Amino acid sequence: MVQRGAGFLRSTMDLPSLTILIPCLNEERGVASVIREYAAAFPAANILVVDNGSEDGTAAVARLAGATVMMERRRGKARAVATALSAIDTDLVLMVDGDGSYPVEGARLMLEEYLLEPVDMITGIRSAQDATPAFRPMHQWGMSIFAAVLNFVFRFKPLDLFSGLRLFSRRFYQHVPVLSRGFELEIELTIQAIDKSFAMAEIPVPFRSRAHGSASKLKTVRDGLRILRLLVVLFRDYRPLAFFGTIGATIAATGLAAGSVPIVEYLHTGLVNRLPLAVLAASLMTLSILIGLVGVLLEANLRYHREAYHIQLRKFRAPIQKPSRSYPRVLAS
């Protein structure tokens with residue numbers, strides 16, 4: 001039996017094994033307090049810090065605080081997480097940033113939620129814990145746009161697309177590839193979960209300003225463009241019929257517009273005087289058909305791979321599906 005009370009876990013049965021994964025880049029000022037805070041709340045958990053090529057004393061501070069430190073010198077949060085996941089072998093993985101912005105109370109809530117109704121991935125919906133400028137307006141605006149695009153393409157509207165506090169089941173983290181490099185990680189994990197039909201949940205968690213002296217590594221324009229590029233790539237790879245069908249339909253519409261003039265001319269005069277325009281229209285229509293066929297072939301191939309993937313996934317017990325819940329949008333409105 002698991003009870004909720006004062007934010008603490010109370011259970012009469014053994015808890016699942018847990019690794020707390022903390023990817024870090026130059027987080028010397030905040031990582032020690034994060035390690036101590038989470039170690040006190042989850043004394044049986046393994047705390048793994050991945051030093052992602054830090055130029056300060058992040059690794060040394062993390063070791064002194066009692067964490068296991070793994071090195072990944074190739075910069076990029078996604079690379080650091082992918083390296084760590086290949087070495088982890090616990091029932092659950094809790095991913096949290098090393099800047100101190102996620103209080104441990106949120107992690108407790110997520111673990112309680114998992115123990116009550118297990119799912120493959122739980123995402124913490126960030127809500128400001130105090131009146132600090134924790135959420136930058138430009139970031140909120142960008143997140144709203146990306147959430148809208150994700151909803152349009154994948155028919156899923158996340159409440160907090162870029163939350164860095166996530167809980168993964170073994171079934172999820174051992175069967176989801178991480179192919180991105182940096183801050184695209186969170187959106188890739190979400191889309192992978194949608195495409196592969198993993199069970200997901202989102203719950204509100206507290207959020208606060210990062211540790212004093214710690215600077216954000218997120219560059220609004222640069223990382224925004226990288227995330228936009230990832231969305232396009234994932235749209236191409238996971239919705240090929242819609243992707244290539246849209247391109248083909250656009251080209252076909254252009255071809256019809258270009259060909260309408262020679263056609264009308266031929267109907268009235270019996271001659272085609274604008275031969276270049278007629279050739280252009282025919283070429284565009286042929287190109288649109290070829291692009292549409294590419295989409296059909298890729299969709300059929302993707303279906304085959306999805307079937308093979310889900311057959312392999314049946315070897316791992318799926319968590320109990322939970323009813324969807326509705327929470328207020330607190331970050332991307």
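Which residues does I22 touch, not counting residues up to four places away in sequence? In this predicted model, the contacts of I22 comprise V34, I35, I47, L48, V49, V50, V96, D97 and G98, once residues up to four places away in sequence are left out.

I22 also belongs to the largest nonpolar core, which holds 36 residues, and within that core I20, I22, Y38, F42, V49 and L94 touch the most other members. At least two residues of this core are supplied by each of the strands β3 (18-24), β4 (46-51), β6 (92-95) and β9 (200-207), and likewise by each of the helices α1 (31-41), α2 (58-64) and α4 (104-116). Among these elements, α4 gives the most to the core, with 6 residues. Apart from this core lies another, of 23 residues, which includes A84, L85, I88 and M95. In soluble globular proteins, nonpolar side chains tend to be buried together.

Helices α9 (240-269) and α10 (275-313) each supply at least two residues of the patch, and α9 gives the most, with 3 residues.

Key. Residues are numbered from 1 along each chain as its sequence is written. This is a predicted model: local features need pLDDT of at least 70, side-chain atom pairs count only at pLDDT 80 or more; totals for chains, interfaces and linings use all residues. Side-chain values use heavy atoms; hydrogens and water are left out. Helices (H or I, at least four residues) and strands (E, at least two) are DSSP runs, numbered from the N terminus. A nonpolar core is a set of buried Ala, Val, Leu, Ile, Met, Phe, Trp, Tyr and Cys residues joined through side-chain atoms within 4.5 Å. Buried means under 20% relative accessible area, exposed over 50%, partly exposed in between (1.4 Å probe, protein chains only). Contact means heavy atoms within 4.5 Å.
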